[in-house]
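Please read these notes with the sequence and the structure open beside them. They are written for a colleague who is meeting this structure for the first time.

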Amino acid sequence: MKDALLGVHGLSKNFYSGAEQIPVLSDISLALARGESLALMGRSGSGKSTLLNLLCGLEQPDAGMISILGNTFDSRQAMDGRSRERRWSDLRRQQIGVVFQEANLMPAMSLLDNVRLRAKLAGQDESGCTSWLDRLGIGSLAGRYPDQVSGGQRQRAALAMVFAMKPALILADEPTGSLDRLTADEVAKELFRLQSDSGCALILATHDGELAARCGQRLDLAHRVSV
Ligand SMILES: Nc1ncnc2c1ncn2[C@@H]1O[C@H](COP(=O)(O)OP(=O)(O)OP(=O)(O)O)[C@@H](O)[C@H]1O
Ligand SMILES: [Mg+2]
């Protein structure tokens with residue numbers, strides 16, 4: 001594929017509860033090039049967050065291969081755990097921006113300092129950080145601490161952090177899940193604007209059909225787990 005950024009082949013993941021095996025993802029394959037976007041859909045518990053965690057190295061698959069930004073992680077090939085962790089953490093610091101379902105910001109730092117820190121760790125210029133908060137409609141909250149803003153405002157700050165690091169790939173887990181329709185539309189507009197301006201790839205997990213419809217590709221995860 002031209003300018004491939006991510007290739008996934010035969011990815012499977014089980015969790016365990018005591019001796020009971022809980023199959024979550026089975027034989028997932030996908031491919032994404034720079035500038036492309038993919039919506040992950042599926043019912044609660046279908047494995048969207050688990051797949052995003054596999055794609056940024058925070059979970060390890062039971063089977064399958066991930067080829068990402070010039071790195072290959074193949075479950076059939078033994079790799080020293082420390083070197084694997086180092087490669088994934090380098091990718092997360094510089095090239096893969098992750099917006100988690102529950103925004104995780106440094107509690108002792110203001111929203112702006114959180115954004116600046118992420119830019120700095122990624123080797124990016126910190127001067128534009130205020131404008132990312134402005135573009136997401138929370139510029140006036142720049143000096144507040146994470147526990148002084150709402151969940152949706154924290155989520156937007158987490159997006160600003162990812163924008164500021166100028167990643168090659170954004171993984172966003174329900175980035176508009178805690179926002180009202182109007183704010184969700186504005187945030188989605190910024191997300192897709194950033195994507196087309198920077199040419200990065202985007203994978204987002206969402207229950208929002210309108211947001212998913214804006215992505216070029218869509219992967220529906222089957223709901224295999226009984227709850
Ligand atoms: N660490 C874990 N140990 C055991 N089971 C887990 C673990 N993490 C997730 N699961 C289970 O794996 C399944 C998939 O979870 P996941 O969080 O990926 O779903 P999801 O599609 O993101 O759901 P939602 O839409 O509610 O966010 C669920 O049944 C969940 O209970
Ligand atoms: Mg989830």
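Predicted model: local features only at pLDDT ≥ 70, side-chain atom pairs only at ≥ 80, totals over all residues.

1. The secondary structure of the protein chain comes to seven helices and nine strands.

2. On overall dimensions, a compact globule with 227 residues would have a radius of gyration near 17 Å, and the protein chain agrees with this because its own value is 17 Å. Taken along the principal axes, the C-alpha atoms fill a box of roughly 50 × 40 × 35 Å.

3. On burial and surface, 47% of the 227 residues in the protein chain are buried, while the chain exposes about 10,900 Å², of which carbon and sulfur atoms supply 46%. If one takes the contacts between residues at least 6 apart in sequence, 70% of them join residues at least 24 apart.

4. How do the axes of helix H5 and helix H6 cross? Helix H5 covers residues 151–164 and helix H6 covers residues 181–198, and their axes come within 12 Å and cross at roughly 5 degrees. Angles under 35 degrees count as roughly parallel, and H5 is therefore roughly parallel to H6.

5. The contact between these two helices can be followed residue by residue: Arg156, Leu159 and Phe163 belong to the H5 side, and they meet Thr183, Val187, Glu190, Leu191 and Leu194 in H6.

6. Val99 lies in strand S6, which spans residues 96–99, and it counts as buried because its relative accessibility is 1%. Leaving aside neighbours within four places in sequence, Val99 is in contact with Ala158, Leu159, Val162, Leu171, Ala172 and Asp173. Leu159 is also one of the H5 residues in the contact with H6. Arg156, another residue of that helix contact, is 57 residues from Val99 in sequence, yet their C-alpha atoms are 9.4 Å apart in space.

7. Ser37 is found in strand S3 (residues 37–41), and at 8% relative accessibility it counts as buried. Its contacts, with neighbours within four places in sequence left aside, are Leu32, Phe192, Gln195, Leu202, Arg214, Cys215, Gly216 and Gln217. Ser37 and Leu169 are separated by 132 residues in sequence, whereas the distance from C-alpha to C-alpha is 9.5 Å.

8. Is Asp208 buried or exposed? Asp208 is buried, because its relative accessible area is 16% and buried means under 20%. The residue lies in the loop between strand S8 (201–205) and helix H7 (209–213), and, not counting residues up to four places away in sequence, Asp208 touches Met41, Thr176 and Arg181.

9. Asp27, in strand S2 (residues 20–33), has a phi near 55 degrees, a positive value in a residue other than glycine, and Asp27 counts as exposed at 56% relative accessibility. Leu69, placed in the loop between strand S4 (63–68) and strand S5 (71–74), has a phi near 50 degrees, which is likewise positive in a residue other than glycine, but Leu69 counts as buried at 14% relative accessibility.

Definitions and conventions. Residues numbered from 1 in each chain as written. Chains lettered and ligands numbered in written order. Heavy atoms only, no water. Axes fitted to C-alpha atoms, helices over the stretch in contact; angles between N-to-C directions. Helix = DSSP H or I, 4+ residues; strand = E, 2+ residues; numbered from the N terminus. Parallel < 35°, antiparallel > 145°, perpendicular 65-115°, else oblique. Contact = heavy atoms within 4.5 Å. Rg over C-alpha atoms; globule rule 2.2 N^0.38 Å. Buried < 20%, exposed > 50% of the residue type's maximum accessible area, 1.4 Å probe, protein only. Areas by Shrake-Rupley, 256 points an atom, 1.4 Å probe, with all protein chains shown as cover.
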